[in-house]
Amino acid sequence: MSRFFSSKYSSLEAYTPGEQPKDMKYIKLNTNESPFPPSKKVLDAVAEQASLLQLYSDPECTPLVAKCAELYGVKKTQVLMTNGSDEILNFAFMAFCDSQNPIVFPDITYGFYPVFAELNGIPYEQIPLNDDFTINVQDYVGINKNIVIANPNAPTGIALSLDEIERIVSSNPNNVVIIDEAYVDFGAQSAVCLVDKYDNLIVTQTFSKSRSLAGARLGFGIASEALICDMNTIKYSTNPYNVNRMTMMAGYGALCDNDYYMNNCKTIAQNRSYTEGALIDLGFEVLPSRANFVFAKSSLISGEELYRKLKSRGILVRHFTKERIKDYNRITIGTIEQMKALVSATEEILKELKK
Ligand code: PMP
C-alpha cells in the first residue's frame, strides 16, 4: 500500500477472481464460463464494430436495450446495461445503500457482496444458511433492510422458488431487494415477471454464463423505471460509456440468437445431471444445483487436496478456503467430454488414495 492510499480503503479486502492460468491448457471448470462459443451473429457484429472503434459507444445502448426489453416483456426504461453484472450490483449498492440503509445477504454467497459493501462504507449483515445450505426465507421476511440474494445461489447452486422470492420482496416494501440471477437460465425461475408489481425489486442478469460472453463484459438490470433512473444517475456519474461498442452489438447479436443459447443451457443441464450422478456414484455429496456448476464434497479427500490433484492432471475447479465450505469444490459444468474427463480423473485420484 502506498502512503497515498485513502485511509477509507485501508481495511478493504478486494475480491479474488478465479484463476485464469497461462502456464498450460486446462480443462477449465473454475469460473462458470460457457464451454460453447458465441454464435456467428455475435462474431460478425464484433468484427463490424471493431472498424468503428474511433467512435465512442452509445451510452444508452439503444438497440440492445430495445431487444432486451422486447425479450423480457418490459419497457425500455426498465432496463440498464452494464459492464458485466458486477457493475450493476455495485451501482445498486451505491445508489440504495449507505450508513442508514444497510444490506443483508447469506453467509455463503457471491464473494463480491461484502466487497461492494466495504468499498462503499455500507454496514452489512451475513445471515447463515441452513445446515443443508438452503436459504431460510423466513430470515428475510420483513427484515426491513436492503437485501441481495443470488438465485440460484453461488457457490451452492441451490435456488429459491418464485413464490419464496415474492414473499421476501413483498414483505420489505420500504427496502430494495436485489435478486442476482447470474445463473437463472440453467433451470431456476426468474423474478423479472415481478418487476411491474414491486417497485422495490431489482433483477440482475449477465451475458457471461448462459450467453457465452464472459470476456465481453456485459450484464443488465431490470427494475421499475424509478430504480433504473437512480442507477443511471450513478452510471452517468462514473462511466457513461460503460459498455463498449463491440460488446453492445455482441449482446444484441446474442439476444437475436436466443434459441442457440437457450439450447446450450439445456445441454448444460443434461451434463449437470450426468455429473451429479457420476459424482454421487463415487461417494460424493452433491448439492441440488440449478446453475451451471455443482458444489460437491467427498468424505475420502479434502476439498483442497482434490482441487490440487485435479489441477496437476490439467483440470481446474474452484476451491474456497472459507471454513464452512472448505470441504467442497465448485465444479463448472462444461461439455460432456469435459465432464467425463473430470469424473475419470476424480475416480483415478480416489483409487490412488486407497493404494
Ligand atoms: N453474480 C454472481 C452470483 C456471480 O457468480 C458472478 C460471476 N462471478 C457475477 C454476479 C458477475 O458476473 P459478471 O460480472 O461476469 O456478469
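These legends describe close-up views of a predicted model.

**View 1. Residues around the ligand.** The shell around the ligand consists of Gly-84, Ser-85, Asp-86, Tyr-110, Asp-180, Ala-182, Tyr-183, Thr-206, Ser-208, Lys-209 and Arg-217. By class, the shell holds three nonpolar, four polar and four charged residues. Helix H3 (residues 84-96) supplies the largest share, three residues.

View 2. A ligand oxygen lies 2.7 Å from a backbone N or O atom of Ser-85. The side chain of Tyr-110 places an N or O atom 3.1 Å from a ligand nitrogen. For the side chain of Asp-180, the distance from an N or O atom to a ligand nitrogen is 2.6 Å. The ligand alone exposes 400 Å², and the protein buries 91% of that.

**View 3. The largest pocket.** The ligand takes up space in this pocket. The volume of the largest pocket is about 1,200 Å³. Its lining counts 46 residues, with Tyr-15, Thr-16, Tyr-110, Gly-111 and Arg-318 the closest to the centre. H3, strand E3 (103-106), helix H4 (112-119) and strand E4 (124-127) each give two or more residues to this lining. The lining divides into 20 nonpolar, 15 polar and eleven charged residues.

**View 4. The second largest pocket.** This pocket holds about 260 Å³ of space. Of its 16 lining residues, Glu-60, Val-65, Lys-76, Val-79 and Asn-232 lie nearest the centre. Helix H2 (62-72), strand E2 (79-82) and helix H6 (225-236) each give two or more residues to the lining. H6 contributes the largest share, six residues. Nine lining residues are nonpolar, three are polar and four are charged.

Note on methods. Residues are numbered from 1 along each chain as its sequence is written. This is a predicted model: local features need pLDDT of at least 70, side-chain atom pairs count only at pLDDT 80 or more; totals for chains, interfaces and linings use all residues. Side-chain values use heavy atoms; hydrogens and water are left out. A residue is near a molecule or strand if one of its heavy atoms lies within 4 Å of it. A polar contact is a pair of N or O atoms within 3.5 Å; within protein, one must be able to donate a hydrogen and the other to accept it, and residues adjacent in sequence count only if both atoms are side-chain atoms. Accessible areas come from the Shrake-Rupley method with a 1.4 Å probe; for residues, only the protein chains shown count as cover. On a 1 Å grid over the protein atoms alone, a cavity is a set of points where a 1.4 Å probe fits but cannot get out, and a pocket is an open set with protein on both sides within 12 Å along at least five of seven lines; lining residues have an atom within 4 Å of a point. A molecule sits in a cavity or pocket if more than half of its atoms lie within 2 Å of its grid points. Helices (H or I, at least four residues) and strands (E, at least two) are DSSP runs, numbered from the N terminus. Ala, Val, Leu, Ile, Met, Phe, Trp, Tyr, Cys and Pro count as nonpolar, Asp, Glu, Lys and Arg as charged, and the others, Gly among them, as polar. Grid points are joined across faces, edges and corners, and a volume is the space filled by probe spheres set on the points.
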